Amino acid sequence: MKRFNPDVLHGILLIALFSLSAFYIAGFEWVKSLSFSPLIVGIILGMIYANTLRNHLPEVWVPGIKFCSKEILRTGVVLYGFRLTFQQVAEIGMPAIVTDLIVVVVTILLGVLLGKLFKIDWQTTLLTATGSAICGAAAVLGAEPVVRAEPHKTAVAVSTVVIFGTLSMFIYPIVYRSGLLDLTNQQWAVYVGGTLHEVAHVVGAGNAIDAAGGNVADAATITKMIRVILLAPALIIMSIILAKSNVFGGAKGEKSKIAVPWFAFGFVGIIALNSLLQEVVPSDFMAQATGVINSFDTFLLTMAMTALGAETSIDKFKQAGAKPFVLAATLYVWLILGGYLLSKLIA
């Protein structure tokens, strides 16, 4: 029987402590006003640790940190399914579904083409494109095991979607108040939910628009959740393509084995389970139960983000350069302009 290594537990406890701190800081009013979730605060704390205390703590704690960035990450992605139901998809209708599909497919394909044009490594390119296309940091975390990227590349991708997603959260309500875009409330809901990066950004922008006289927050959030559901098929397709392209190496002429992202199937399975339970279990009980599960899941994802940050030094950011941010900025322009046209034509 394999003996448990207590040093692994030390690394996990270290990340858990940082994650608890992230939850505490995320509760500050000024942090809430920026819609910075514990996940974002966690990766910042992890990066502070990586660039300060990292070289002063036992190296044997590293396996515990890596456990958080791998195994706990997968568990967090699976449990994320408790935030979604297929009933929500049916409620918003086909316009939102079609818009989301086009946004996700075009954003990822455009990201890959631009990554080659800008000569960015394919892992950073895929992570950045997936985060922009689907659901920000959570999508980057979901893609990380499939892409098998180094932690600093994941951190770079997360930082790009945080920057442009936060920017959108403030810009969209201003544009709504200005009346520059000729969109109905329904179209605005699809536009916001179909183009903003994080769920938190959609909620923040939607509530701000509602406060200005709109009625878009709920529909925008559901539209966003449809994009989140698309994470699973995107990861599976990505895994198949990467295996066929043999990017992970292997014997000459031999294709890599398909690394099936089982956690993606678990994610869809949890959505299906949640959809069923919503129909047969009293709503009050389900609301409380899913609330507890979602809080726990947020903590797990915060641990994963913190662990990724803990393996990311400033030197690695410098090594990545400005190109990933140029890529994310270009995709951001597409989301703003393309999302508007799609919302106007389809929604």
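Which helix gives the most to the lining of the second largest pocket?

The model is predicted, so local features need pLDDT of at least 70 and side-chain atom pairs pLDDT 80 or more, while totals for chains, interfaces and linings use all residues. Residues are numbered from 1 along each chain as its sequence is written, and side-chain values use heavy atoms, without hydrogens and water.

A pocket is an open set of points on a 1 Å grid over the protein atoms alone, where a 1.4 Å probe fits and protein lies on both sides within 12 Å along at least five of seven lines. Lining residues have an atom within 4 Å of a point. Volume is the space filled by probe spheres set on the points, which are joined across faces, edges and corners.

The largest pocket holds about 570 Å³ of space. Its lining has 22 residues, with Ile108, Leu109, Val112, Leu126 and Ile241 nearest the centre. Two or more residues each come from helix 6 (94-117), helix 7 (122-133) and helix 13 (231-245). Helices are DSSP runs (H or I, at least four residues), numbered from the N terminus. Helix 6 gives the largest share, nine residues. The lining divides into 18 nonpolar, three polar and one charged. Here Ala, Val, Leu, Ile, Met, Phe, Trp, Tyr, Cys and Pro count as nonpolar, Asp, Glu, Lys and Arg as charged, and the others, Gly among them, as polar.

The second largest pocket has a volume of about 390 Å³. Of its 19 lining residues, Ser37, Arg83, Glu198, Val199 and Ala200 are closest to the centre. Helix 11 gives the most to this lining, with five residues. Eleven residues of the lining are nonpolar, five polar and three charged.
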